[in-house]
Amino acid sequence: MVINKNTRELDEGIVKDFSSRMSYSSYLQLPVLLSAQQPVSRPVHHDELLFIIQHQTTELWLKLVLHELRSAADWLHNDDLGAALKAIARVKHIQKTLTEQWSVLATLTPTEYAQFRGFLGHSSGFQSSQYRAVEFILGNKNSGMLQVFDAEPEARSMLEDLLHAPSIYDEFLAYLKRQGHPIPQSVLDRDVTKAHELVPELVPVFKDIYENAGKYWGAYEACEELVDLEDNFQLWRFRHLRTVQRTIGMKTGTGGSTGAAFLRKALDLTFFPELFAVRTEIGA
């Protein structure tokens, strides 16, 4: 047999018989995964597949973000700062991937999207339970969001659990208290079902950490990791806003929100306000 010089020969040891072995496809459940893209437009519009895959891959990444942030919160609760920071570092890389994904969806022009948008009904990314879960675990609690998931008992239950659980910032502040930092008890006893708001008494605590980084290196590093986490989240929000404006302008969202105007308000929300407020005080 003549072998084409531009063809790579298979190594003799490569496994080819998967009749009784686990394969790549079976391990990853690819028949299930790749059959989950079901366009609803009729006739099916070419660009709807892009729209579906963009959102499905986002949900997969959000699943991993939740996995890592839950673990990070648990590790902080158990004073394992190193493991928590490793998980947060991984989340930061995922965030960059999620942000860059918007550039793919931005190739969808207003004319193309308009041809199948009407088939989406009231379905909207606003209804992503995993996105809300990420916001909750980072501290942006909002009990009013729960009713959106009344028709999805499992999703609502997950969000209720996170609503009543300490956020990753709550766990970090409790960790600092156990390390001897003067965190006010009122902060530790706060109602965790509410979004954290700026506590002026916390700013001097972080000022001390930043100005004595060598002494408090672990806490100092954690502060910067959390700042990175919020910055990345805000970049994601901004790219989301710009992609929406580019694609539908100022139209109302399919889920009933005011669309771009609603998304713009999220840019004013913060997870870790004292970590940004302290920057004004350092070196003043």
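Gln115 sits in helix α5, which spans residues 110-117. The model is predicted. Gln115 counts as partly exposed because its relative accessibility is 46%, between the 20% limit for buried and the 50% limit for exposed. Trp102 is another matter. Gln115 and Trp102 are 13 residues apart in sequence, and their C-alpha atoms are 20 Å apart in space.

Now step back to the whole chain. The protein chain has 13 helices and zero strands. Its pattern along the sequence is therefore α-α-α-α-α-α-α-α-α-α-α-α-α. Along the principal axes, the C-alpha atoms fill a box of roughly 75 × 55 × 40 Å. The chain has 284 residues, and 42% of them are buried. Take the contacts with a separation of 6 or more: residues 24 or more positions apart account for 70% of them.

Helix α10 covers residues 203-211 and helix α13 covers residues 273-281. Their axes come within 9 Å and cross at roughly 70 degrees. Angles of 65 to 115 degrees count as roughly perpendicular, so α10 is roughly perpendicular to α13. The crossing of α10 past α13 is right-handed. On the α10 side, Val203, Phe206, Lys207 and Tyr210 make the contact. On the α13 side, Glu274, Leu275, Ala277, Val278, Arg279 and Glu281 do. By class, the contact of α10 with α13 has six nonpolar residues, four charged residues and no polar ones.

Methods: Residues numbered from 1 in each chain as written. Predicted model: local features only at pLDDT ≥ 70, side-chain atom pairs only at ≥ 80, totals over all residues. Heavy atoms only, no water. Axes fitted to C-alpha atoms, helices over the stretch in contact; angles between N-to-C directions. Helix = DSSP H or I, 4+ residues; strand = E, 2+ residues; numbered from the N terminus. Parallel < 35°, antiparallel > 145°, perpendicular 65-115°, else oblique. Left-handed = near helix turned anticlockwise from the far one by under 90°. Contact = heavy atoms within 4.5 Å. Nonpolar A, V, L, I, M, F, W, Y, C, P; charged D, E, K, R; others polar. Buried < 20%, exposed > 50% of the residue type's maximum accessible area, 1.4 Å probe, protein only.
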